[in-house]
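Please read the following report alongside the sequence and the three-dimensional view, and look up each residue as it comes up in the text.

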Amino acid sequence: KLFSGILQLTPYPHLLVPRPGHSDGQSRYSTYYLVAPWKFGLDRTALAAFDGKVITLQGTLIYRGNQTMIEVQPGTIQATNTTAAAVLPPAITLGRQTLTGEIVDSKCFLGVMNPGQLTPHRACAIRCISGGVPPVLLIRQKNGPAIYLLLVAPNGKPVNKQVLNLVAEPIEITGEVERQGDLLILRADPATYRRRK
């Protein structure tokens, strides 16, 4: 399938697709994480020239609940002649919070693998996250949908290598939470993550 939108590489590659007739209180864009086939994230260095530009790409949609991702077909990302006319979504700070959940790899959890959670999935999740797939903190609520927060360092950089020994375990993270469009992002130093018994 063909997708078109604005490529953003920070904190992890994602595509912002303008929503038609957006209403107040709702993001102007739908946000799709972007990953490569198999157990890999996209190479941010190779995509640097496309950052902030309107692109097209071929890919397969992966989704679970309201979380969406595109597995990009290699070699299909192309810049278009159009420029991003709209203002990109600003980061909205939601304050310092302490959250308890489980680190999962976003690709498998959203539906590529089953089970995409807890100990049976640990080895696969470690391979995906070490390959560059964005790690997320999954918070299961008793009354309501699961919450997913993209994990980044305090400076917004990826934390893939630093979280591998904590995947698929109950964990507590204290950090700054922000919203960028549809994305919830948790900025925290992985050295401060704490295992929960």
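In this predicted model, Glu-71 has a relative accessibility of 22% and therefore counts as partly exposed, since the buried class is kept for values under 20%. Glu-71 belongs to strand S6, which covers residues 67-72. Although Thr-60 and Glu-71 are eleven residues apart in sequence, their C-alpha atoms are 5.2 Å apart in space.

Asn-160 falls in another class, because its relative accessible area of 8% makes it buried. Asn-160 sits in the loop that links strand S10 (147-152) with strand S11 (170-180). When its neighbours within four places in sequence are left aside, the residues in contact with Asn-160 are Tyr-12, Ile-129, Gly-132, Val-133 and Pro-135.

| Partner of the Asn-160 side chain | Distance |
|---|---|
| Tyr-12, side chain | 3.0 Å |

Another part of the model to examine is strand S2. How many of the five residues of strand S2 are buried? Four of the five are, so strand S2 (residues 14-18) is largely enclosed by the rest of the structure. Strand S2 pairs with strand S1 (residues 2-8) in the antiparallel sense over three bridges, and the two strands form a hairpin with five residues between them. In this pairing, His-14 of S2 stands opposite Gln-8. Strand S2 is also joined to strand S3 (residues 29-36) by five bridges, again running antiparallel, and here Pro-18 stands opposite Tyr-29 in S3.

Key:
Residues numbered from 1 in each chain as written. Predicted model: local features only at pLDDT ≥ 70, side-chain atom pairs only at ≥ 80, totals over all residues. Heavy atoms only, no water. Buried < 20%, exposed > 50% of the residue type's maximum accessible area, 1.4 Å probe, protein only. Polar contact = N/O pair within 3.5 Å; in protein donor to acceptor, adjacent residues only side chain to side chain. Contact = heavy atoms within 4.5 Å. Pairing = 2+ DSSP bridges.
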